[in-house]
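Colleague: Could you take me through a model of several chains, one feature at a time, and tell me how each feature should be read before we look at the case itself?

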Amino acid sequence: MLTLDGVEIEQGDFRLTADWSVGAGERVAIIGPSGAGKSTLLMAVAGFVALTAGRVLWQGGDLAGVEPGQRPLSVLFQDQNLFPHLTLAQNLGLGIDPDLRLDTGQKARVAAALARVGLEGMGARRPGQLSGGQQGRAALARALLRARPVLLLDEPFAALGPALKAEMLDLVAEVASESGAAVLMVTHDPADARRFAVRVVLVAEGVAQAPVPTAELFANPPEALRRYLG
Amino acid sequence: MKTLPLAAGLACLATLAAAETPVLTVMTYDSFAAEWGPGPAIEKGFEATCGCDLRYVTAGDGAALLARVQLEGAGSDADVVVGLDTNLTALAAGTGLFAPHGQPPAKSLPVTFDHPLFLPFDWSWFAFVYDKTKLAAPPASLEALAASDLKILIEDPRSSTPGLGLVMWVKAAYGDRAAEIWGALADNIVTVTPGWSEAYGMFLEGEADMVLSYTTSPAYHLIAEKDDSKAAAPFAEGHYLQVEVAGKLAATDQPALADAFLAYLGSDAAQAVIPETNWMYPASTPAAGLPKGFETLIQPEKSLLFSSEEAGTLRAKAVEEWQTALAK
Amino acid sequence: MADRLGKISAVLVALILAALTLGSAAVTASRATSWSLTPADWAALRFTLVQAALSAGISALLAVPVARALARRRFRGREAVIRLMAAPFLLPTVVAVLGLLAVFGRAGPVNQALTWLNLPGFSIYGLHGVVLAHVFLNLPLTVRFVLQGWFAVPAERFRLAQSLGMGPAAQFRHLELPMLRSVLPGAAAVVFLLCLTSFAVALTLGGGPKASTLELAIYQALRFDFDLGRAALLAALQFALCGAVVLATLRVTQPTGFGAGLGREVPVFAPGGWRLWADGIAVLLTVGFLAAPLLAVALAGLSGMGSLPSGLWAAAGRSLMVAVISALLSAMAALVLVLAVLRGARWLEAAAMLPLAASGLVMGTGLFLIIHPLLPPERLALPVTVLVNAVLALPFLYRALLPEALAMQADYGRLAESLNLRGFGRLRWLVLPRLARPLGFGTGLAAALSMGDLGVIALFAGDRAVTLPLLIQRLTGAYRMEAAASASLLLLLLSFALFWAFDRMGGRHADA
């Protein structure tokens with residue numbers, strides 16, 4: 001279980017609090033107006049943004065002082081998820097060993113992960129030779145290889161068209177349920193949340209509210225959400 | 001595997017043998033030790049007789065040489081210093097780093113020069129060199145040059161021995177009128193270069209009508225390049241001398257070898273090498289005479305040279321005079 | 001572990017830099033017997049400032065039209081022109097002066113043309129000659145700086161400006177002027193610094209004792225007067241000046257690169273009409289101004305090819321070795337510093353800039369005084385030359401690396417951290433590939449600079465460690481001007497070849 005225990009983030013005028021938990025294997029969307037702090041919250045969980053107060057816990061253990069790369073999570077950023085100077089196989093390999101010393105078995109796992117996301121045989125290509133959707137798949141394949149119990153998505157598919165984005169979200173859902181990973185996904189699109197998330201966190205006016213079942217939230221939107229949905 | 005210690009032992013022996021050959025370290029200026037300078041031939045000749053290993057350590061030009069001697073001080077590895085200019089000998093003597101050379105005086109200088117610490121090995125007169133094909137009637141004196149609108153290149157007395165030589169030349173010829181002469185020369189000077197090579201190179205490229213060099217400079221073009229177009233202009237005031245000297249360092253660990261080297265430097269064998277490598281006159285003309293071509297050079301009637309002590313006391317003031325006159 | 005290693009080595013590099021620049025000056029000063037500056041020294045200070053300010057100002061002003069023309073025009077040979085921009089900076093100063101004299105000297109084509117037109121001749125000697133030479137040497141560098149600035153303005157901004165109906169003048173005011181305001185001061189400051197420590201140019205073209213620079217005064221104090229105290233004082237003065245300039249620029253401007261990453265081709269709005277003509281003329285004049293002296297050096301060098309001395313190839317080999325080793329050392333040190341600065345050790349930035357302010361002559365003298373009691377200096381001539389050249393080239397490498405390193409950090413820092421990519425894995429899989437281009441460019445620059453450097457070797461050289469520049473000096477010291485010209489041409493070709501090879505190697509490893 002991932003717990004945000006009395007979390008407070010302050011950056012100048014900006015302030016955000018969160019105090020809730022997400023269970024293992026749960027899929028949660030984080031939604032809210034732009035500038036409300038959705039990404040900041042995600043980055044705080046990932047360890048890139050320092051907390052002013054409170055704790056982030058995984059299975060009861062405090063993550064304070066744990067480097068981002070050591071945390072039990074994988075992140076898909078808005079962009080720059082792949083190193084453009086490395087091949088897909090190398091990019092994925094980094095998920096297994098940051099020194100890229102892979103044995104035959106590990107190389108096979110890389111190939112299998114590529115195949116799993118529909119990029120079979122493309123290991124030798126560089127990201128620049130792929131479409132945006134394929135790049136997203138490759139990044140997802142790396143998260144698959146890392147097999148961390150939490151997956152953080154910071155709108156990685158925002159630039160894709162609606163059909164492609166839906167396809168990617170379905171793939172994420174599949175992959176996550178296969179591995180039993182919890183997913184926290186930032187989005188500004190209510191349709192994404194409806195399609196993908198079991199529960200939704202609304203971030204507005206300095207508070208990341210506790211997750212509410214998706215259907216419930218949209219059936220009876222609070223004032224802040226109504227203003228956002230327009 | 002047994003050969004390894006054997007080889008190591010042999011290598012050790014070889015090093016020992018090498019260490020037993022005494023090493024004479026000669027500090028000199030760059031162009032002396034260069035492959036086209038007198039250094040290699042003198043090294044070969046001396047090593048044939050001394051049973052020693054002669055090594056050169058170089059330091060830019062004559063001026064840098066003295067700075068290097070001072071920089072190293074009494075801890076210097078050098079035994080002999082070759083290539084100081086007489087204008088700097090007072091300064092060099094003042095360091096207390098040199099020991100008497102004990103050699104007989106040089107025989108072929110146009111003036112008497114007998115200094116206990118410094119032994120001349122070559123010399124020439126400073127002169128303005130020009131191209132006969134471009135300048136038909138060169139000026140006949142420093143004053144005439146100053147009055148003309150000819151363009152000249154000179155060297156900086158603060159960084160080169162020819163530059164200092166010219167300042168001394170004007171001082172020796174005109175004494176208190178030196179500043180006035182410099183004032184008159186100012187509009188003839190194209191530029192002042194850091195060393196001889198820049199000035200001479202620029203002269204050859206046609207940057208000026210005349211360049212401060214030596215009466216022996218045309219010999220290089222005549223003998224090495226078969227080009228007789230260069231000449232030195234004789235000046236009525238007389239010509240200041242550059243006498244290059246060698247000295248023994250007091251702290252040498254090879255005093256006997258140093259003495260032997262200085263004796264060799266004054267011998268016919270070494271002196272015969274000088275004219276066509278350093279393009280200067282040997283301090284003692286060898287029995288075989290000078291190479292063919294040297295007889296075509298001008299022979300100034302009057303030679304000017306301050307004694308070491310005079311040069312030592314005059315130097316700073318004369319350079320300041322020069323600087324003030326040209327800075328106007 | 002590896003991160004701590006990086007931190008320790010960065011501090012070590014900074015200490016070595018401080019020891020070599022500040023420490024050597026202190027050692028020189030410790031041997032001083034008197035402490036005084038002459039009126040001539042103050043005059044030298046004035047002249048130094050005036051010529052450096054003029055050279056920097058003019059280089060910056062001229063760079064603007066040239067860089068703009070290169071940024072917004074596409075023509076055949078444009079790549080070659082940009083490549084030519086590296087050339088003068090790589091030239092050994094002495095060779096550059098010879099080339100300039102061949103063109104602008106009394107017997108050069110410029111004066112011949114003036115005579116033919118019955119116009120008064122032009123003398124290159126004096127303040128204007130010094131400035132002309134400095135502009136020749138530094139204009140290309142400035143152009144590369146400014147060109148970088150142009151490429152950094154996103155094409156979308158120009159598109160936006162055009163869609164708003166802005167004409168060229170309005171675009172200049174709203175887009176280009178703000179960019180220039182952030183780029184030009186830094187570029188001018190670097191030129192100012194380079195000219196502040198200028199030596200050979202001022203000496204040869206200055207026209208007399210009026211045109212003495214501080215570095216020249218240091219040289220004279222060291223060589224002729226053997227006044228170590230005066231040399232150290234002058235060095236301290238020069239150091240304070242440079243330090244002030246470095247600090248001022250660090251405050252005023254963002255760090256700017258040295259022109260790596262020119263590969264980014266963003267089409268910029270290109271107005272026609274008289275502006276097309278103006279751009280064409282700017283490019284043509286610059287190419288003529290830069291290429292003519294180079295051509296003169298090449299022509300002069302060809303004639304003496306027959307009379308090259310036998311020691312030439314050994315000297316060339318030695319120079320190449322010194323250049324490659326010192327460039328690689330410098331690259332490693334610069335990389336270590338840049339990575340430490342990325343991790344937040346901003347104070348190291350000052351260490352990286354130290355060598356720009358140091359006097360090479362004083363550094364050499366200090367090292368000599370340290371080494372001499374321990375070992376015969378000539379035995380260490382080459383290692384010391386390698387070390388000093390590496391130190392002197394470091395600021396350029398550092399400046400070349402920093403912008404790309406900052407971009408790398410911004411773009412991929414979090415990704416690398418989230419993948420736990422650190423230590424040698426990070427170096428191998430992220431840093432080296434991402435920085436290959438500026439690393440190649442900077443290492444090439446360092447190698448070429450080291451190739452042509454004469455500074456320290458002249459103080460340390462015995463007869464067994466002759467490098468190519470030293471050989472050239474010896475040739476010219478013995479009437480062998482033709483052979484010297486040929487050796488200079490060889491030096492020039494080798495410098496360019498080294499630069500080209502490293503630059504290309506970097507480019508090839510960065511194809512992504």
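**Reading the features one by one**

Modeller: Let us begin with a pair of helices, α2(C) and α13(C), where α2(C) passes α13(C) in a left-handed crossing. Please keep in mind throughout that this is a predicted model.

Colleague: How do the axes of α2 and α13 of chain C cross, and at roughly what angle?

Modeller: The idea is to ask how far apart the two axes come and how they are turned against each other. Helix α2, residues 39-72 of chain C, and helix α13, residues 274-303 of chain C, have axes that come within 9 Å and cross at roughly 110°. Angles of 65 to 115 degrees count as roughly perpendicular, and α2(C) and α13(C) are therefore roughly perpendicular to each other.

Colleague: Which residues of α2(C) and α13(C) meet there?

Modeller: From α2(C) come C:P65, C:V66, C:A69 and C:L70, and they meet C:A278, C:D279, C:A282, C:V283 and C:T286 of α13(C). Sorted by class, this contact of α2(C) with α13(C) has seven nonpolar residues, one polar residue and one charged residue.

Colleague: How do I decide whether a residue such as C:L184 is buried or exposed?

Modeller: One counts the other C-beta atoms around it, and with 20 or more within 10 Å a residue is called buried, while with 12 or fewer it is called exposed. C:L184, which lies in helix α9 (residues 168-196) of chain C, has 23 other C-beta atoms within 10 Å and is therefore buried. Once residues up to four places away in sequence are left out, C:L184 touches C:A60 and C:V146. The C-alpha atoms of C:L184 and C:A60 are separated by 6.5 Å, although the two residues are 124 residues apart along the chain.

Colleague: And how does C:G229 count by its C-beta neighbours inside 10 Å?

Modeller: C:G229, placed in helix α12 (residues 228-252) of chain C, has 18 C-beta neighbours inside 10 Å, so it counts as partly exposed. Not counting residues up to four places away in sequence, C:G229 touches C:A29, C:A32, C:T33, C:S34 and C:W35. With C:W35 it is 194 residues apart along the chain, yet their C-alpha atoms are separated by 5.2 Å.

Colleague: Which residues have the most contacts inside the largest nonpolar core?

Modeller: The largest nonpolar core has 353 residues, and those with the most contacts inside it are A:I30, B:F128, B:V211, C:V146, C:I218, C:L337 and C:L401. Its largest share, 21 residues, comes from helix α17 (residues 381-418) of chain C. To look at one of these residues, leave aside the neighbours of B:V211 within four places in sequence, and B:V211 is then in contact with B:F128, B:V129, B:I152, B:L153, B:A199, B:Y200 and B:F203.

Colleague: What should I make of phi at C:N118 and at C:Y479?

Modeller: Most residues other than glycine have a negative phi. C:N118, however, has a positive phi near 60° without being a glycine, and C:Y479 has a positive phi of about 70° although it is not a glycine either. C:N118 sits in the loop between α6 (109-116) and α7 (127-152) of chain C, whereas C:Y479 is found in the loop between α20 and α21 (481-508) of chain C. C:N118 has 6 other C-beta atoms within 10 Å and is therefore exposed, while C:Y479, with 24 C-beta neighbours inside 10 Å, counts as buried.

Notes
Residues numbered from 1 in each chain as written. Chains lettered and ligands numbered in written order. Predicted model: local features only at pLDDT ≥ 70, side-chain atom pairs only at ≥ 80, totals over all residues. Axes fitted to C-alpha atoms, helices over the stretch in contact; angles between N-to-C directions. Helix = DSSP H or I, 4+ residues; strand = E, 2+ residues; numbered from the N terminus. Parallel < 35°, antiparallel > 145°, perpendicular 65-115°, else oblique. Left-handed = near helix turned anticlockwise from the far one by under 90°. Contact = placed C-beta atoms within 7 Å. Nonpolar A, V, L, I, M, F, W, Y, C, P; charged D, E, K, R; others polar. Core = buried A, V, L, I, M, F, W, Y, C linked by C-beta atoms within 7 Å.
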